Every structure is written in C-alpha cells, then in structure tokens.
Amino acid sequence: MQLLSTRHALKKAGASLLRGGAYKPRTSPYEFQGLGVEALKILREASDETGLPVVTEVMGTEDVDQICEYADMLQVGARNMQNFVLLRRLATIKTPILLKRGPAATVKEWLLAAEYLLAGGNENVVLCERGIKTFETETRNTIDLAAVALARDLTHLPFMADPSHGTGKQGLIGALSRAAVAVGADGLIIEVHPCPERALSDGPQSLDFAAFEKVMQRLKDPLRKVGVAGPKAVARA
Ligand code: PEP
Ligand code: MN
C-alpha cells in the first residue's frame, strides 16, 4: 500500500471513500498479507487529512473491535460472504458494512447474507458486486451486472460494483465502470496504485493516477458507446 502518496490523487480525482486492506485475504499464505494495525493507522491518518472516510476489510471476529477504532466502514470480502459467525458479530455494531458478493454465490445467497446483518440490528449495509467465477479465463472474474440490476429490484440497499476485481484488467475498468453506473450502481470500487507494476497485491487491475483521473472524468460524460479505441478499420481486399 502506497497510501500516503495516493490519497491526494484520489481526492483530487473525486473519490469519496478511501479503501485499503490492512488484513488481506490472499489466496496463497506466502503472498503479502497486509500490514495489520500499522496499515490501520496509516489509513486513519490519510482519512483525517483528506476527509475521505476509510473502508477496510475485516476477516475475523477477533479483529472487529480493533478495526472499528480506525475505520468508518468495514468490508466483508467475497471469501467471507457466508461467514455467518462474522456476519452475526457485525450485526451487533452500527458501523456500516460493505458486503461483497461471494465468487460463487447466487443473488439470493448474497441477499440472505445481508439479511444476517439487517435482522441482527445493523441496517447500514452496502452490497458490492465484484465478479463471479465462470468458465472464462481471460478475465479474473466475470462481473455480473445483471445481478446488480436484479438486486436493485429485490432490495432497498445501496449497491457498488468493483470492476477491478470484476475484470482483473486495467484496460477494462473504465468501460465496466460506466456500464455498472448505467445499470444502477450507486458507487464503484476502483483500485489505484502510484506504480501498479510494483504493487504487492493486484497490480494488473490497479490504475495509476492518470488513468484513474481519466476514468473518473469519463464517468461524467453522458452515456455513449464505451469502446476505448473507437470503430476499427476493416481491411478490404
Ligand atoms: C479486495 O477488495 O481487495 C478483495 C480481496 O476483494 P474480494 O473480497 O472481492 O476478492
Ligand atoms: Mn484486491
């Protein structure tokens, strides 16, 4: 995490929340696991300086109290969407929860996971579509925008979409951000790093500052065809 150099670029480009992982759910135990409480302090400092509220992931019940001291919103990651013990614990607090959809969860399972929070007493829930597993291997996950449109009909809860995890590819984030907004997403999670090639986590899906600013700018344009390069010339014999 290069947060101290990133925070001002995010704010300048129009971000309204600052999301960073202090405790990171990594597929391999040998990969960077996050800086823990040290990162929470950096996030808090960056938030106090910019006024951007902090969102960070909570992986286990044992971390809830500590993370609540530093964060304004807690993320339940995709892998923990059906961690019912964690959901029950988070239902007892008032801190807003960002509930990511599990990679293999149906919309119904996702909404029922949210129900654990709501029924248990925490009504501050935001859902986040971050892509599901499909047979496709060219993208990291398959961002399911139909699910966003459908879930909007089924619940009053606000929605975000995460085209970074939903595609895994820098070049697709702009187009999918616009598409997500077009189907009704209330917000987007976009991963940003000052130098994506050197990121310890998720570099290929992170935008540098200039690319992020461009994506944010284009979100203000009226909707139109979202291709990056425009119509391709067709070679004719
Ligand atoms: C993340 O947001 O960095 C993350 C690990 O997301 P997900 O839980 O969607 O994989
Ligand atoms: Mn990530």
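A: This is a predicted model. Its largest nonpolar core has 55 residues. L74, L90, L99, L127 and F212 have the most contacts inside that core. Helix 5 (residues 107-120) gives the largest share, 7 residues. A second core of 7 residues is separate and includes M73, L98, V126 and M160. In soluble globular proteins, nonpolar side chains tend to be buried together.

L90 shows the packing in detail. Leaving aside residues up to four places away in sequence, L90 touches V58, V64, L74, V76, I97, L117 and N122.

Next, the metal site. The manganese ion (ligand 2) has H165 (NE2), E191 (OE) and D202 (OD) as its protein donors. Along the chain, the donors follow the spacing H-x25-E-x10-D. H165 sits in helix 7 (residues 163-167), and D202 in the loop between strand 7 (187-188) and helix 9 (209-218), so the pair ties together parts that are 37 residues apart in sequence. H165 counts as buried because its relative accessibility is 9%. D202 also counts as buried, at 17% relative accessibility.

Last, a helix pair. Helix 1 (residues 3-13) packs against helix 2 (residues 37-50) at an angle of about 35 degrees. Their axes are 10 Å apart. The crossing is right-handed. Helix 1 brings L3, L4, R7, H8 and K11 to the contact. Helix 2 brings I42, L43, E45, A46, E49 and T50. By type, the contact residues are 5 nonpolar, 2 polar and 4 charged.

Key: Residues numbered from 1 in each chain as written. Chains lettered and ligands numbered in written order. Predicted model: local features only at pLDDT ≥ 70, side-chain atom pairs only at ≥ 80, totals over all residues. Heavy atoms only, no water. Core = buried A, V, L, I, M, F, W, Y, C linked by side-chain atoms within 4.5 Å. Buried < 20%, exposed > 50% of the residue type's maximum accessible area, 1.4 Å probe, protein only. Helix = DSSP H or I, 4+ residues; strand = E, 2+ residues; numbered from the N terminus. Contact = heavy atoms within 4.5 Å. Donors = N, O, S within 2.8 Å, 3.2 Å for Na, K, Ca; no water. Axes fitted to C-alpha atoms, helices over the stretch in contact; angles between N-to-C directions. Left-handed = near helix turned anticlockwise from the far one by under 90°. Nonpolar A, V, L, I, M, F, W, Y, C, P; charged D, E, K, R; others polar.
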